[in-house]
Amino acid sequence: MLKTLEFRKIGKSYPGVRALDSVSFKAEGGKVLALVGENGAGKSTLLKIMSGDQKADEGEILLNGKPVDFPDPRAAIAAGVAVIYQDRQLIPNMSVMENIFPDNLPRTRLGLFDKNKLYTKAKEIINTFGLPIDPAEQVGRLNVAYQQMVEIMKAYARNADIIAFDEPTAPLTDAEIEILFDLILKLKAEGKVVIYVSHRLAEIFKIADDIVVLKDGRLVKLLKAGETSEAELIRAMVGRDIGDTYANLSRNESFGKVMLEVKNLTTQYLRGVSFRVREGEIVGLAGLVGSGRTEVARALFGVDAVTGGEIIVNGRPVVLKSPGDAIKHGIALCPEDRKEQGLVMGHSLRDNVIMPFIDRLCKKIFVNRSKTTAVVNDAVKKYAIKTPSIEKTVAELSGGNQQKVILGRWTSEMLKTKVLILDEPTKGIDVGTKREIYQTICDFAKQGIAVLFISSELPEVINLSDSIIVMNNGRVAGSLTRGEATEEKVLSLAMQEAS
Amino acid sequence: MEKTNIYKKYFSSLVHHKVFTLFLLFIVMVGVFTIWSALRGSSFLRFAIFRNILNSLVVTSFLAIGAGFLLVGGNIDLSQAAVGAFGGIILAAAVGKWGLPWYAGIMAALALCGCLGAINALLITKFRIPFFIATLAMTLMAQGLMYLISSIGNNGIAANINFQDAALKYIGTGMIGPIPLGIIIMLLFFIVYGVILAKTGFGMKVKFIGGNAIAAGLAGINAAMITYILFVNSAVLSGVAGIFTAARLGQGSLMALQTNQFTGITAAVLGGISFGGGTGGMAGVFVGLLILNTFQIGMGAVGVNPFWVQVFTGALLLVALTADFVTQARSRKAQAA
């Protein structure tokens, strides 16, 4: 019987975001179906729904023609659906065989677990795939690729009919990718349904039969890998109506001297990154997740150790050993993860605004409360932060208002911020507030601040930045001006195979 | 009209304050013990008993202040009692064996305790050893050093060290009017530390690193340095507790503070400092300690078997912790929504 997994009109909303909107398609056994789309297109949400991690608001999933309901991941596993995520879900200090059979270890007559039988069973599976792995080896000692293989065998041992991969090749070398593809072809030959999520277009053409293109939560195109081209695929992923969100922004038109210059910056993650940001200029950093964008921010903010190259702020070379150093030199960072890295969630709006400059608000050693109140009220007024009181904890504010608290902090008059790094400032923020934040960023530029703007959303980077630097694999893959940048150009720079 | 509104406003903010709730609990506890002991024909509500309760707080209050500060900053020090006992032996050896004046003995004890705290901090901030392991190891090391020092000049046999010193005797047992000197010093410490935590920039930074060390670090706060200060402070205050114990007994005892390994942390948690760090104040710690000791002394006064008292003390801590976890879970839910 042909195995199938069908999605019918799947819909899912998060606060402020329509993650999936009436998505329908059918994956068939004996074929590899690739799921592609930009960051935020809805791929991960779809995987989470099929693995029982999240529940769809609308629509249904049919497994081999029968409707199924996965209230939790266990139900999905029991039904034979396995999703292999990027972060491997193995127990590193247990052996390969124990990881392959975590929930049905064979037992002896005495009820103790039968190591010999387990070894034989695991060896059988490993041989099926022709891998050189010892079942008794500790999983933590295997390299990343083999760990992934163990994960696949774990799914196989459970007799999973549906196996989905989330960006499986991201941590692998070329040779390891070959092994993975052999394995996927074996699964395919056995008639299993394989769903493959990846950013790398070349791979998709190599392994996939069908391609589903998602964009902003909608299915925009169903393609056959044999009948399409990379160019068509990129067009399908990108082509959207940008609307007039960006046209109405009041921008800064005049740039001053070079405020930030990075020469050949090298860290553990970066290999010779160079660029400049002038006063009043917005420079966008584009690239895929893991391409080194955030790492540039971390190096510039004194978090990651700089092993080579130079950082020049306002004409002077600086050494940044800690965020405190960076702040002293007028650099500010709005980090990627608001809740984990930006705010102390259980503390008040007041506390969160003054965090980087408490010392300057102190008379002798005591915090000057009335001055604090004035400074915080300034920020609230300037950014129209909606809150009943500055004593409210930031956990009680909406995502957009939380982001404004961080912006208010760094642009307070207490700090003389000259370089502002924004890492994904609009992540998880509703459309209306996004518009406000875009204008705010333009206003920073007007005040002469040099802005480094990192975002995964291509339209945002392209339309807001005066010039765009595309990162790929820890390097600068190319730079484009706003006039010449298109999503196609940025994507092809971001996705080109590292040489 | 206007007046009742203001009254309402202040009253409601007071009711929402953890310290107020704790103080109510204390009052209720006193009430229960008063009635209970009246039924047994004795009286609980007496000045002498309250003076006893406060006097019993003196030694542990220093542990509680150190533990409270650390806990607000998101860390725990299990080595407090051992470091304190070590400090007591140093003082006793300095005064009783080496003939140093009392103030030199105190300085030596505090300085050496501070060094042990600095080692704790170094292990935790520089080598990233979990506080649990680092301070547990320090407990063993401090105990070992204590035995070693007490055995010097005693044929290698570890023993308590007796000393006679008028100044130390006064520090341990002296009175100012009807109030023991120790109680006054304790209250002074609570006030000074309370003001530091609530009103100074340093205190705010402690709360920030306890609330979210990553975010605080990314806002330019030197979390490692603050953690350093807190561990040294905890060790020095443990030394103060050890000095008081020795001064009261006239002896550096190898068994000093032995039952107090968790007293500081217990009081801090009872006093409303959440295990997640970031919140709480010294007033809470004081009331937490007050409840702890009133509970224990009250139970003794009404004749409950001391072994049962210990069981009930454990139960009290459990209730406080459960309440803390419930409120934390609630605020997490609010954050997720």
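In chain A, strand E11 (residues 258-267) and E12(A) run antiparallel and are joined by five bridges. Along this pairing, Val262(A) sits opposite Phe275(A) of E12(A). Everything described here comes from a predicted model. The two strands belong to an open sheet of four, ordered E12-E11-E14-E15 (chain A), with antiparallel pairing. Strand E12 (273-278) and strand E15 (316-318) of chain A are the edges, each pairing on one side only. On average, and ignoring direction, neighbouring strands of the sheet are turned by 15° against each other. Helix H9 (residues 293-300) of chain A lies across E11, E12 and strand E14 (306-313) of chain A, and it runs at about 110° to E11(A).

Over in chain B, helix H12 (residues 263-270) and helix H13 (residues 282-301) have axes that come within 7 Å and cross at roughly 110°, which means H12(B) is roughly perpendicular to H13(B). The crossing is right-handed. H12(B) brings Thr266(B), Ala267(B), Ala268(B) and Leu270(B) to this contact, while H13(B) brings Val285(B), Gly288(B), Leu289(B), Ile291(B) and Leu292(B). Sorted by class, that makes seven nonpolar residues, two polar and no charged ones.

As for the meeting of the two chains, 25 residues from chain A and 23 residues from chain B take part in the contact. On the chain A side, helix H10 (323-328), helix H11 (338-342) and strand E18 (366-367) each supply at least two residues.

Conventions. Residues numbered from 1 in each chain as written. Chains lettered and ligands numbered in written order. Predicted model: local features only at pLDDT ≥ 70, side-chain atom pairs only at ≥ 80, totals over all residues. Contact = placed C-beta atoms within 7 Å. Axes fitted to C-alpha atoms, helices over the stretch in contact; angles between N-to-C directions. Parallel < 35°, antiparallel > 145°, perpendicular 65-115°, else oblique. Left-handed = near helix turned anticlockwise from the far one by under 90°. Nonpolar A, V, L, I, M, F, W, Y, C, P; charged D, E, K, R; others polar. Pairing = 2+ DSSP bridges.
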